[in-house]
Amino acid sequence: MHSNQLGRQPSIPTHSPRKHFSFTISTSSCPESPKPYILKKCIALLLSCASSKFKFRQIHAFSIRHGVPLTNPDMGKYLIFTLLSFCSPMSYAHQIFSQIQNPNIFTWNTMIRGYAESENPMPALELYRQMHVSCIEPDTHTYPFLLKAIAKLMDVREGEKVHSIAIRNGFESLVFVQNTLVHMYAACGHAESAHKLFELMPERNLVTWNSVINGYALNGRPNEALTLFREMGLQGVEPDGFTMVSLLSACAELGALALGRRAHVYMVKVGLDGNLHAGNALLDLYAKCGSIRQAHKVFDEMEEKSVVSWTSLIVGLAVNGFGKEALELFKELERQGLMPSEITFVGVLYACSHCGMVDEGFDYFKRMKEEYGIVPKMEHYGCMVDLLGRAGLVKQAYEFIQNMPMQPNAVVWRTLLGACTIHGHLALGEVARAQLLQLEPKHSGDYVLLSNLYASEQRWSDVHKVRRTMLREGVKKTPGHSLVELRNCLHEFVMGDRSHPQTEEIYVKLAEITKLLKLEGYVPHISNVLADIEEEEKETALSYHSEKIAIAFMLINTAAGIPIRVVKNLRVCADCHLAIKLISKVFDREIVVRDRSRFHHFKDGHCSCKDYW
């Protein structure tokens, strides 16, 4: 909305009240003149009708009929306040607002708040600018509402301007203004700025802690979120449902199942297990930590379930290799008469993709459009390309991309390039890479995929050419790392890692593992070492992949029969996949590996993915 629109004076149609208007106002015996008396009565009735939108419209119509002017600041103020209390359209509220002569600060703030809480918060900033034009000074309530709108828009530059104005006007020291500033910086992806402001605050409340913890959790900084949660406990601040959602999100990101379980126990203890949002976060935690039975248990025990609950479990089942169960759950959602969202269908298509259900995937893609009227977005098209690519139908995936009704983004082309690397389609891989050079020319993963594709074809000169280009362009490969949790502490390992205090024990264990696996018939997949070196060197390199080091560490430090859970940031290679299957058999351990794209549940020499990933 442009500022010139704010000055318009739209007319509100006048009409008689309905015949079943349930109250009357008699003015014949009133000592005051009719309009002031009716004005007072209308305001009193407005304050009592927040639960009835229809009654509000009756009062509004009655006030118009009896000549109560909307230009009156008091009448307009209470009309807007009551209107927004039951989430009516902002357009209606703005019509009323535009007719008020000299609206007071309460009215301006109410309108800014209404827009800040709406799906389109941009007009909140326009109103704020109009306030200055009208020489209305902001007060302590203006900034929290305004910053909330800015946080939704993720416009940190605008937020910084408002922050400086709040300082100039002496409002920055107020805790509720500071809280919204922390939230704004965190929501805009500036977690460090949010934490710096948090550290400078002389007074902090639960909202403050929640804002900064959630900021780190949302910005991919789960370790910092967990550190602050522990500090919050030491300060004697009791968490609430919002805190637990942030904590569980951080645990889910890290795969910190033990800490997540402790959070679950705490939730039950303080009665937060009935909180829908916390329940959804708990379900998501167990699903993302590979504990799908526990996720299903949480889902079954939830007194209230939203579409988010159903979607979280559908996705959880899909990525853990239970595609058929995910689709059965979707059918149950439909039987319950619930309306799936576009995100639900991302989960359904994901299930089909990761379980090789090509025909089923296309059926659901068609139903999504025809039965539910959901227009496919880039995520849905990406799932379909992934579905075809994983099944080895790389040419069909390319044709699907060419027929998309929108321009494919980098993720879609990267999905095709990954499929070409796995299935050895060099020509189409180069086509995908050419598109990626235009969209995201410095994405390290694309260089690695193309390099791997050339290496798989023994085209070492092209491999070296790609790597020289990476050096020239300053592109660095994302190093692979694996995380494991032991006694509420996270341990991180990289390939060939020798920084851990137990390094000597770990490498002795790795040698033992290699020896035992070879007795089981293990032959290293040296083709996974995409470098022009001797075969013996390739075998050694494979032994030191980060997930193998992490598993050796856990075998040393945990009792027999205890499941091992590993979180890896990259896709697990074929050699590690084979080796871990055999480790699960030789050491009689269940091993759960969460890689970049899915979960692998290894047990008795088999994997839940059935070697399809």
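Mentor: Let us start with E1 and strand E2 (residues 489–494), which are antiparallel and joined by 6 bridges; helices (H or I, at least four residues) and strands (E, at least two) are DSSP runs numbered from the N terminus, and two strands pair if DSSP finds at least two bridges between them. This is a predicted model, in which local features need pLDDT of at least 70 and side-chain atom pairs count only at pLDDT 80 or more, while totals for chains, interfaces and linings use all residues. Residues are numbered from 1 along each chain as its sequence is written, and side-chain values use heavy atoms, with hydrogens and water left out.

Trainee: Which residue in the hairpin of E1 and E2 takes a positive phi?

Mentor: Within this pair, Val-484 stands opposite His-491 of E2. The hairpin has 2 residues between the strands, and the residue with a positive phi, near 50°, is Arg-487.

Trainee: In what order do the strands of the open sheet lie?

Mentor: The edge strands, each pairing on one side only, are E2 and strand E6 (606–607). The sheet has 6 strands with mixed pairing, and its order is E2-E1-E3-E4-E5-E6.

Trainee: Why is strand E3 described as largely enclosed by the rest of the structure?

Mentor: Buried means under 20% relative accessible area, with exposed over 50% and partly exposed in between, for a 1.4 Å probe and protein chains only. E1 is largely enclosed, because 5 of its 6 residues are buried. For E3 (residues 564–568) the reason is likewise a count of buried residues, namely 4 of the 5.

Trainee: What is the handedness of the β-α-β crossover from E3 to E4?

Mentor: Strand E1 (residues 481–486) pairs with E3 in the antiparallel sense over 2 bridges, whereas E3 and strand E4 (residues 591–594) pair in the parallel sense over 4 bridges. Ile-564 has Ile-591 as its bridge partner in E4. The chain passes from E3 through helix H30 (residues 574–586) to E4, and the crossover is right-handed, a term that applies if, with the strands pointing away from the viewer, the path from the first strand over the helix to the second runs clockwise.

Trainee: With which side chain does the side chain of Lys-568 make a polar contact?

Mentor: Lys-568 belongs to strand E3, is the bridge partner of Ser-482, and counts as buried at 9% relative accessibility. A polar contact is a pair of N or O atoms within 3.5 Å; within protein, one must be able to donate a hydrogen and the other to accept it, and residues adjacent in sequence count only if both atoms are side-chain atoms. At 2.8 Å, the partner of the Lys-568 side chain is the side chain of Glu-547.

Trainee: How many residues does the largest nonpolar core have?

Mentor: A nonpolar core is a set of buried Ala, Val, Leu, Ile, Met, Phe, Trp, Tyr and Cys residues joined through side-chain atoms within 4.5 Å. Phe-400 and Tyr-143 are among those with the most contacts inside the largest core, whose size is 121 residues.

Trainee: Which helix gives the largest share of this core?

Mentor: A second, separate core of 31 residues includes Val-484 and Tyr-522. In the core of 121 residues, the largest share is 8 residues, and these come from helix H15 (residues 276–288).
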